[in-house]
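Me: I'd like to learn how to read a protein model feature by feature. Could you walk me through this one?

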Amino acid sequence: MKLNFSNPTTGMQKLIEIDDDKKLLPFFDKRMASEVAGDSLGDEFKGYVFRIGGGNDKQGFPMKQGILCNHRVRLLFKKGMSCYRERRSGCRKRKSVRGCVVGPDLAVLHLVLVKKGAEEIPGLTDDNKPRRLGPKRASNIRKLFGLEKKDDVRQFVVRRELNEKKKKAPKIQRLITPSLLQRKRYFKAITRKRMEAGKQMKADYMKRVAEYRQEQKEARAAEVAKKKKEKK
């Protein structure tokens, strides 16, 4: 079985292959998101704790969280479910997925580093791989640089160098600008005007209905009076 280790703090990944099933026994019958000590994998992993992130079986079917078995099942998938990408709007599809319980039939097991041990693991903890892209959302940029609300986020966005002359910056999402506030006020004003116009139209309609009923009442009364007069 191949084990794919990932370290979120350094951004590093490492893939190793283990043929001895005895070393993998602590991982068997554990569910996804369970934390397992890595002592059985070797001396270099002593003190390390890993979280089971997922995996694929030998035929390439992915593990899916929430399916409490160690074999494949066929499920009906719809938009928003993991292991499925909607191709057409409203389309559902029956697909095969592997249960979330670890077993010997897996080809690859994905492990995420939770707790670091005493020794460094070459290719996983000894180096630091910088993030290629900075944050895109305005609140995340403020959090990264410790900015206040009055600070201009656009001055702090992380720019990536394409070449010596050209740099590239992401479009900041959820950025509050004067034009956005003006647009918001404009749409609110339109909604308010529509509501006022609707109220006025309703009042005019109710007034006209009352007048019409009064006219009908008077016409009926006049007709009744005319009939009484003719009888006399």
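This is a predicted model: local features need pLDDT of at least 70, side-chain atom pairs count only at pLDDT 80 or more; totals for chains, interfaces and linings use all residues.

Me: Which residues touch the most other members of the largest nonpolar core?

Reply: A nonpolar core is a set of buried Ala, Val, Leu, Ile, Met, Phe, Trp, Tyr and Cys residues joined through side-chain atoms within 4.5 Å. Buried is under 20% relative accessible area, exposed is over 50%, and partly exposed is in between (1.4 Å probe, protein chains only). Here the largest core has 24 residues, and Leu-3, Phe-27 and Leu-109 touch the most other members. Strands β1 (2–7), β4 (49–57) and β7 (106–115) each supply at least two residues, with β7 giving the most, 4 residues. Strands (E, at least two residues) and helices (H or I, at least four) are DSSP runs, numbered from the N terminus. There's also a second, separate core of 6 residues, including Ile-141 and Val-153.

Me: How many bridges join β1 and β2?

Reply: Two strands pair if DSSP finds at least two bridges between them. β1 and β2 (residues 12–17) have 6, in the antiparallel sense, and Leu-3 stands opposite Ile-16 in β2. The two strands form a hairpin with 4 residues between them, and Gly-11 in the turn has a positive phi of about 75°.

Me: What makes up the nonpolar surface patch?

Reply: Patch residues have over 30% relative accessible area and no salt bridge; like charges are joined within 9 Å, nonpolar side chains (Val, Leu, Ile, Met, Phe, Trp, Tyr) within 5 Å. Areas come from Shrake-Rupley with a 1.4 Å probe; for residues, only the protein chains shown count as cover. This patch of about 340 Å² is made by Leu-144, Phe-145, Phe-156 and Val-158. Phe-156, in the loop between α2 (138–145) and β8 (160–161), is partly exposed at 33%.

Me: And how many salt bridges are there?

Reply: Side chains of opposite charge can pair when their charged atoms come close. The cut-off is a Lys or Arg side-chain nitrogen within 4 Å of a carboxyl oxygen of Asp or Glu. The whole structure has 7. Among them, Glu-120 and Lys-116 meet at 2.8 Å, N to O, while Asp-43 and Lys-46 have their closest N and O atoms 3.8 Å apart.

Notes:
Residues are numbered from 1 along each chain as its sequence is written. Side-chain values use heavy atoms; hydrogens and water are left out.
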